[in-house]
Amino acid sequence: MKDVYGSLAEQVKMAKGIGEGKTILARVQDLMSENIASVSPETSIKETAQMMADSKTSSVLVVEQQELKGIITERDIVGRVVAGGYRMTSHQG
């Protein structure tokens, strides 16, 4: 799954650069990121946000024992963590 997914957010950003009104005939493989950022479910939000900044991506896969568990995006961090008042350095249930 990791090889196929890439980063949906990065693909959308690239597609927007093509221009509205033009037919997009690109395939996912033409737009996807090959260097995929991933974290484990136990990784802190702060570490995840730093990884996103360092790798210049807006989303990372959440992987446990080579199985895709989910995805976390910039929007998740802003909308659920920052706006929700969570601390970025501790685990909260």
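This is a guided walk through the fold, from the overall layout to a few individual residues.

The model is predicted, so a few ground rules come with it: local features need pLDDT of at least 70, side-chain atom pairs count only at pLDDT 80 or more, and totals for chains, interfaces and linings use all residues. Residues are numbered from 1 along each chain as its sequence is written, and side-chain values use heavy atoms, with hydrogens and water left out.

Let's start with the parts list. The protein has five helices and three strands; here helices (H or I, at least four residues) and strands (E, at least two) are DSSP runs, numbered from the N terminus. Read from the N terminus on, the elements follow the order α-α-α-β-α-β-β-α. Of the 93 residues, 23% count as buried. Buried means under 20% relative accessible area, exposed means over 50%, and partly exposed is in between, with a 1.4 Å probe and protein chains only. The accessible surface comes to about 6,900 Å², and 51% of that belongs to carbon and sulfur atoms. Those areas come from the Shrake-Rupley method with a 1.4 Å probe; for residues, only the protein chains shown count as cover. Turning to contacts (heavy atoms within 4.5 Å), residues 24 or more positions apart account for 40% of the contacts with a separation of 6 or more.

Now find the sheet. It is an open sheet of three strands in the order β1-β2-β3, with mixed pairing. Its edge strands are β1 and β3 (67-73), each of which pairs on one side only. Two strands pair if DSSP finds at least two bridges between them. Strands of a sheet pair through backbone hydrogen bonds, either parallel or antiparallel. Strand β2 (residues 59-64) and β3 run antiparallel and are joined by six bridges.

Q65 sits in the loop between β2 and β3 and has a positive phi of about 50 degrees although it is not a glycine. Q66 is also placed in the loop between β2 and β3, and its phi is positive too, at about 60 degrees, again without being a glycine. Q65 counts as exposed at 80% relative accessibility, and Q66 is exposed with a relative accessible area of 81%.

Not counting residues up to four places away in sequence, V39 touches T48, M51, V60, L61, V62 and V63. V39 also belongs to the largest nonpolar core, whose seven residues are A37, V39, M52, V60, V62, I72 and I77. A nonpolar core is a set of buried Ala, Val, Leu, Ile, Met, Phe, Trp, Tyr and Cys residues joined through side-chain atoms within 4.5 Å.

Next, look at helix α5 (residues 74-82), where D76, I77 and V81 are buried. Seen down the axis of α5, the buried residues fall within an arc of 95 degrees, so they line one face of the helix. The arc is that of the directions from the helix axis to the C-beta atoms. These buried residues pack against α4 (45-55) and β3. On the other side of α5, R75 and V78 are exposed.

D76 is buried, with a relative accessible area of 17%. The side chain of D76 reaches the backbone nitrogen of T73 at 2.9 Å; a polar contact is a pair of N or O atoms within 3.5 Å, and within protein one must be able to donate a hydrogen and the other to accept it, while residues adjacent in sequence count only if both atoms are side-chain atoms. Setting aside residues up to four places away in sequence, D76 touches I71 and V81. I71 is found in strand β3 and counts as partly exposed, at 38% relative accessibility. I71 and S59 are twelve residues apart in sequence, and their C-alpha atoms are 6.8 Å apart in space.
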